[in-house]
Amino acid sequence: MTPPGHDLHPVTQVSWDDAVAFCNWLSGPGWKYRLPTEAEWEKAARGPNAQIYPWGDVWGGDRANANNTHTGTTPVGAYAPAGDSPHGLQDMLGNVWEWCQDWYDSETYAQITAIQDPVGPTVGDGAVIRGGAFDSPLRHARAAARNWDYPFKRRANVGFRVIAQSIAEP
């Protein structure tokens with residue numbers, strides 16, 4: 001149940017397992033829904049020029065809900081369009097960490113010389129979360145920041161984003 005006055009806020013208290021189950025439930029004829037891979041998430045946040053933040057290379061406190069500016073989440077799109085990514089996506093930084101499809105490996109990016117839509121590890125102890133949250137320090141509120149959590153955990157500062165893929169009918 002959504003708390004009163006939070007209808008437009010991101011969903012929180014959702015585990016990775018819950019988010020994956022929701023995507024599977026949502027999928028149907030002609031469409032597959034899933035969590036973004038870590039690489040897809042980062043590309044969506046940084047844009048084609050690999051910016052530090054979705055809006056550029058200089059921090060803007062008026063463009064994201066991070067660094068304890070608020071005591072909790074804000075409505076989705078509250079920082080639009082100033083905080084939008086080059087692809088027009090809102091809230092890519094701050095508000096809530098977002099689950100990604102990949103399992104976390106601290107060495108994943110260190111082993112790759114050129115990132116071209118890689119799929120990360122398919123097993124591990126924790127799943128990747130990206131984007132920082134309302135309570136994240138500035139070092140975590142940047143497009144390249146990575147973190148992880150256990151897939152069964154539910155937290156007030158973690159949510160998810162969904163990718164929709166059109167699939168051909170046989």
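Which side chain meets Arg130 in a salt bridge? Select Arg130 and Glu38 to find out: their side chains form that bridge, at 2.9 Å from N to O. Keep in mind as you look around that this is a predicted model.

**Stop one: Arg130 and Glu38.** Colour by secondary structure and you will see Arg130 in strand β3 (residues 127–130) and Glu38 in helix α2 (residues 38–46), so this pair ties together parts that are 92 residues apart in sequence.

**Stop two: the network.** Together with Glu38 and Arg130, they are linked in a network of salt bridges.

**Stop three: Arg154 and Asp18.** Next, pick Arg154 and Asp18, a salt bridge whose closest N and O atoms are 2.7 Å apart. Arg154 sits in the loop between β4 (146–149) and β5 (158–160), while Asp18 belongs to helix α1 (residues 16–26), so the bridge ties together parts that are 136 residues apart in sequence. Arg154 is partly exposed, at 48% relative accessible area. Asp18 is partly exposed as well, with a value of 29%.

**Stop four: Asp149 and Arg155.** Finally, select Asp149 and Arg155, whose side chains meet in a salt bridge of 2.8 Å, N to O.

Conventions:
Residues are numbered from 1 along each chain as its sequence is written. This is a predicted model: local features need pLDDT of at least 70, side-chain atom pairs count only at pLDDT 80 or more; totals for chains, interfaces and linings use all residues. Side-chain values use heavy atoms; hydrogens and water are left out. A salt bridge is a side-chain nitrogen of Lys or Arg within 4 Å of a carboxyl oxygen of Asp or Glu. Helices (H or I, at least four residues) and strands (E, at least two) are DSSP runs, numbered from the N terminus. Buried means under 20% relative accessible area, exposed over 50%, partly exposed in between (1.4 Å probe, protein chains only).
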